[in-house]
Amino acid sequence: MKVLIIGAGVAGLGIGWRLLQAGCSVTILERAQPGGGASWAAAGMLAVTAELEDAAEPERALALRASALWPGFAAELEAASGRSVFLNQGGALLLAGDAAKLEVMRARAEGELRIVDAGEARALVPLLGESPDLNRGGLWSPHEAHVDNRALTEALAVAFLKAGGTLLPNEGAVAIEQGTVLTPYGRYQGDAILVAAGAWSGLLDQIPIVPVKGEVIALTPPPGAALPVPVVWGEHVYCVPRPHVGLLLVGATVEEAGFDTSPTQAGCDHLRACAEKLIPSLKDWALSDHWAGLRPKSPDGLPLLGQTATAGLFVAGGQYRNGILFTPAIAAEMADLILGKTQVIPAFDPRRFLGRFA
Ligand SMILES: Cc1cc2nc3c(=O)[nH]c(=O)nc-3n(C[C@H](O)[C@H](O)[C@H](O)COP(=O)(O)OP(=O)(O)OC[C@H]3O[C@@H](n4cnc5c(N)ncnc54)[C@H](O)[C@@H]3O)c2cc1C
């Protein structure tokens, strides 16, 4: 089977890799460089606890499947590519900003998730110091993980190429017509075509996905200060340690601003203010980097995973804030869908929007 994929982010590369392993011939068209979209801009959290507080059941189930797959997926990908993805299972601490939030956390505290008081929270993250957000304690998830998403996309691209895939950078799809993808340089045909163009998917074939901008800053500790081990969540902010590069990522803003990816002073100031309220000593940490990216969001906030109304045309998109987390599950499940080995999950069926966005 010959498959054409539009977009070389974690979705396109991951699905392409799995399809190659299943014996398909796979070509990815990428309008820029692989891994330069949201997959580059993300903070890399596999945030099954914090990000899925209000998630619908099918999304929660997808997240849990993905989370369970991650250790094996990372090991397989590292062996196939010879690259590390820096999977770090240092846990996540979610501080309760107010009493209502703490009650919600109490209701979620089952299995390995447990409520911690201010003293325990400070012991887990000494950097919190005299944080005003510490008072009520919070929720502790001891094995929650994160990866270096930029290393992840590099590893996926290497594994994809080593498995025999064809990757055509700087060649964007401009239209899809009757089983043919048109680019400025040529026409490509496949038995199946997969749109995995992230926030830009909506520009192709009326797929209902819109961009949601997010800004992130990276801070460097002053001499003598150490990065936290877990990810720390406060109000409107999270802090993700990247020990292998000595940085603390602070994210992220959420804004519908079209396709603009420019970092703004207002975004930086907002993130610094939220982070310094959470961890006052961060005022002494130097700003090392600042960037923005576009999350792909569907009208109901759930992913679009499956065939569109056009036979042979598939989409993998709308992962919104959790596309890095979902990577191993989407790679396996979309490959099986394209190969006809499994049925679409109704909540993720792209055809649920039929007629509403034509
Ligand atoms: C600030 C921020 C923080 C985030 N943090 C996290 C996090 O901590 N954890 C998590 O799980 N998720 C996070 N996300 C979400 C996650 O990054 C995305 O859900 C995920 O990366 C989407 O992957 P993708 O492959 O679908 O899209 P992308 O990575 O955007 O890839 C799409 C690719 O398609 C290409 N393309 C576009 N149009 C065309 C075309 N016409 N022809 C050819 N190629 C095209 C683009 O150039 C791009 O390379 C974050 C996102 C942002 C912006």
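Predicted model: local features only at pLDDT ≥ 70, side-chain atom pairs only at ≥ 80, totals over all residues.
Residues are numbered from 1 along each chain as its sequence is written, and side-chain values use heavy atoms, with hydrogens and water left out.

Now, how do the domains meet? Contact, meaning heavy atoms within 4.5 Å, involves 28 residues of domain 1 and 26 residues of domain 2. Together they bury about 2,300 Å², with 62% of that on carbon and sulfur atoms; this is the accessible area (1.4 Å probe) lost on being put together, summed over both parts. How many salt bridges run between domain 1 and domain 2? Three, each being a side-chain nitrogen of Lys or Arg within 4 Å of a carboxyl oxygen of Asp or Glu. Elsewhere on my list, Asp148 forms a salt bridge with Arg242, with closest N and O atoms 3.9 Å apart.

A cavity is a set of points on a 1 Å grid over the protein atoms alone where a 1.4 Å probe fits but cannot get out, and lining residues have an atom within 4 Å of a point. One cavity of 30 Å³ or more turns up. The largest cavity has a volume of about 40 Å³, the space filled by probe spheres set on the points. Its lining includes Val10, Ile15, Phe326 and Ile330.

How values were computed: 1 Å grid on protein atoms, 1.4 Å probe; cavity = no way out; pocket = protein on both sides within 12 Å on 5 of 7 lines; lining within 4 Å. Buried area = accessible area lost by both parts, 1.4 Å probe.
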